[in-house]
Amino acid sequence: MVEDCLFCKIVAGEVPATVVLSGADWLAFEDIGPKAPVHVLVVPKRHLADIGELGSDPAVAAAVVAGIGAVARHLGLSAYRTVFNTGAAAGQSVFHAHAHVLGGRDLGWPPG
Ligand code: 5GP
Ligand code: ZN
């Protein structure tokens, strides 16, 4: 757990969140500002700052990917988009790795 990390606090139960599903190494909860009818964040329980750091722990990275699939099955999503924003210029605002799982509408491609 890293001090002053919002998602570490959510994992620890110190900040409330609407939990969707969890596994031994990952937690999925609803995004507080949804950008689609379904907008779930899947985070490693261990603090890793971004997808680059997540890749340094292959077991946890694999668990997060499995968690994304489990969330999609749990919510009955037949189509969804998974986004990892990396770096402030790409929109990352919380520096604890997280996958955005977006669905529930036609998302279009390429993104706008
Ligand atoms: P980023 O911008 O880092 O890719 O994504 C961070 C996401 O965290 C945003 O989509 C934002 O809406 C969400 N978020 C920020 N604060 C909270 C919070 O306190 N609780 C939850 N559930 N989501 C949050
Ligand atoms: Zn953290």
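This briefing covers the strands, nonpolar core, ligand site and selected residues of one structure.

The model is predicted: local features need pLDDT of at least 70, side-chain atom pairs count only at pLDDT 80 or more, and totals for chains, interfaces and linings use all residues. Residues are numbered from 1 along each chain as its sequence is written, chains are lettered from A and ligands numbered from 1 in the order in which they are written, and side-chain values use heavy atoms, with hydrogens and water left out.

Helices (H or I, at least four residues) and strands (E, at least two) are DSSP runs, numbered from the N terminus. Buried means under 20% relative accessible area, exposed over 50%, and partly exposed in between (1.4 Å probe, protein chains only).

**Strand pairing**

- Two strands pair if DSSP finds at least two bridges between them.
- Strand 1 (residues 19-22) runs antiparallel to strand 2 (residues 26-30), with three bridges between them.
- Val19 has Phe29 of strand 2 as its bridge partner.
- Leu21 faces Ala28, also in strand 2.
- Strand 2 is largely enclosed by the rest of the structure, because four of its five residues are buried.

- Ala24 sits in the loop between strand 1 and strand 2.
- Ala24 counts as exposed, at 70% relative accessibility.
- Ala24 and Lys45 are 21 residues apart along the chain, and their C-alpha atoms are separated by 8.1 Å.

**Nonpolar core**

- A nonpolar core is a set of buried Ala, Val, Leu, Ile, Met, Phe, Trp, Tyr and Cys residues joined through side-chain atoms within 4.5 Å.
- The largest such core has 20 residues, and those touching the most other members are Trp26, Ala28, Val40, Val42, Leu54 and Val64.
- At least two residues of this core come from each of strand 2, strand 3 (38-44), helix 3 (58-75) and strand 5 (99-103).
- Helix 3 gives the largest share, eight residues.

**Ligand 1 site**

- A residue is near a molecule or strand if one of its heavy atoms lies within 4 Å of it.
- There are 17 residues around ligand 1, and Glu30, Asp31, Gly91, Ser93 and His100 come nearest.
- A polar contact is a pair of N or O atoms within 3.5 Å; within protein, one must be able to donate a hydrogen and the other to accept it, and residues adjacent in sequence count only if both atoms are side-chain atoms.
- His100 places a polar side-chain atom 2.8 Å from an oxygen atom of ligand 1.
- Val94 has a backbone N or O atom 3.0 Å from an oxygen atom of the ligand.
- A polar backbone atom of Ile32 lies 3.3 Å from a nitrogen atom of ligand 1.
- The protein buries 83% of the 520 Å² that ligand 1 exposes when taken alone (Shrake-Rupley method, 1.4 Å probe; for residues, only the protein chains shown count as cover).

**His96**

- His96 belongs to the loop between strand 4 (80-83) and strand 5.
- His96 is buried, with a relative accessible area of 0%.
- The side chain of His96 comes within 2.8 Å of the backbone oxygen of Pro44.
- A second polar contact, at 3.3 Å, links the side chains of His96 and His47.

**Cysteines**

- A disulfide is a pair of cysteine sulfur atoms within 2.5 Å.
- The count of disulfides is zero.
- Cys5 is buried, with a relative accessible area of 6%.
- Cys8 is buried too, with a relative accessible area of 3%.

**Backbone geometry and other residues**

- Trp109 and Pro110 are joined by a cis peptide bond, with omega about 0°.
- Pro110 lies in the segment after strand 5.
- Asp4 is a residue other than glycine with a positive phi, near 65°.
- Asp4 falls in the segment before helix 1 (6-12).
- Asp4 counts as exposed, at 67% relative accessibility.
- Val38 is part of strand 3.
- Val38 is buried, with a relative accessible area of 19%.
- The C-alpha atoms of Val38 and Val11 are separated by 20 Å, and the two residues are 27 apart along the chain.
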